[in-house]
Amino acid sequence: MITPELHLQMHKELIRIRRAEATLAERYKKQEMRTPTHFGLGQEAVPVGVCAALKRTDVAYSHHRSHNHYLAKGGSVYRLAAELFGRATGCSGGRGGSVHLTDRECGFIASSAILAEAVAAATGSALSFAMDGSDRISTAFFGDAVAEEGAFYECLGYASLKNLPVLFICENNGYATESPLSIRQPEKASITGRVAAFDIPTREVDGNDLRAVYEAAVEAVTAIRRDSRPFFLECATYRWLEHVGPWFDHELKRTYRTKEEVDGWMARCPVKRSAAYLVDNGIATQDQLSTWEAEIQARIDADVARAYNDPWPDPQHLMEHVY
Ligand SMILES: Cc1ncc(C[n+]2csc(CCOP(=O)(O)OP(=O)(O)O)c2C)c(N)n1
């Protein structure tokens, strides 16, 4: 059951993440950041809906497209911006960049650009929770290309065999860099079908529908805590911008997908759909939504400006945290 209060709270989070990434993408164009950056604009409803169903003590892992997951798990725009600018105050001390975020305070343990690597680490966290008899859950966010990695299937087998409390969340945006799913997988070979072969419950959901994602995540998290078993969620969504970088593909004249296809998905924007639900059901007015968005944007602008003026890491500390 999604109360109006909960939906409003999730909607504000949706706006915070959308505006944070849009702002960072604009700054990226000014060549102020030197980290390769994969923006998740258009995919925000998945992390917001899933993280709203988690406890703060649960942990999250992610892949190269990780900003949304970090923020939704309770991460700070200021520390994310500082990380992208390479500043000492970044969540990874300015030495990780966009694809290596970490922030233990909010339970965001790590993101990694190596496909399926963070899935293995998340499975390891779940093993430690099971061994401790804890009710904590480990979660891994990743894309559809991870379902083509051998390590992924090792994790599924191990998690199922050892009854691990891990939630696998696949954001299926239909592409791996510039390769559509249709040239990578047989038409009838569904990802959930392959996962089910490991005796892991699965659920497919519209990843641009905030409420549907939240409800699916509650079902998953409830089952994981009750049965101490893994669960797999596949969320259909779409990335708006190029694979890596701040531009739309058509602005760079790329042809692996059409502008019409992108426009079609942008019309199914998760933020707009959530806003429409709030207004249509009398939970919020358009004026309120605009006011909140302006307030959130002002805070983001202040966070980004503060991060930009922060100091670089001190070279004296270069060898710290190196193993
Ligand atoms: C093991 C491994 N193989 C190849 C790559 C190169 N690579 C980086 S991102 C990417 C595609 C990722 O697609 P997906 O997992 O669906 O996530 P998305 O980028 O669509 O969010 C590939 C092949 C990599 N990082 N790691």
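Guide: Keep in mind that this is a predicted model. A polar backbone atom of Y175 sits 2.9 Å from an oxygen atom of the ligand. The protein buries 74% of the 580 Å² that the ligand exposes when taken alone.

Visitor: Which side chain has an N or O atom 2.8 Å from an oxygen atom of the ligand?
Guide: That of R65. H64 also takes part, with a polar side-chain atom 2.7 Å from a ligand oxygen.

Visitor: How many residues surround the ligand?
Guide: There are 16, and the closest are H64, R65, A113, A145 and N173.

Visitor: Switching to E234. Where does it lie?
Guide: In strand 8, residues 231-236.

Visitor: What is the nearest side chain of opposite charge to E234, and how far away?
Guide: R194, at 7.7 Å. The E234 side chain does make a polar contact of 3.0 Å with the side chain of N172.

Visitor: How many salt bridges does the whole structure have?
Guide: The search finds 19. One of them joins R273 and D206, 2.9 Å from N to O. R273 is in helix 10 and D206 in strand 7, so this pair ties together parts 67 residues apart in sequence.

Visitor: Which residues do salt bridges with shared partners join into one network?
Guide: E178, E242, D249, R254 and R257. Within that group, E178 and R254 meet at 3.4 Å, N to O. They are 76 residues apart, each in a loop.

How values were computed: Residues are numbered from 1 along each chain as its sequence is written. This is a predicted model: local features need pLDDT of at least 70, side-chain atom pairs count only at pLDDT 80 or more; totals for chains, interfaces and linings use all residues. Side-chain values use heavy atoms; hydrogens and water are left out. Helices (H or I, at least four residues) and strands (E, at least two) are DSSP runs, numbered from the N terminus. Buried means under 20% relative accessible area, exposed over 50%, partly exposed in between (1.4 Å probe, protein chains only). Lys and Arg count as positive and Asp and Glu as negative; His and the chain ends are not counted. A salt bridge is a side-chain nitrogen of Lys or Arg within 4 Å of a carboxyl oxygen of Asp or Glu. A polar contact is a pair of N or O atoms within 3.5 Å; within protein, one must be able to donate a hydrogen and the other to accept it, and residues adjacent in sequence count only if both atoms are side-chain atoms. A residue is near a molecule or strand if one of its heavy atoms lies within 4 Å of it. Accessible areas come from the Shrake-Rupley method with a 1.4 Å probe; for residues, only the protein chains shown count as cover.
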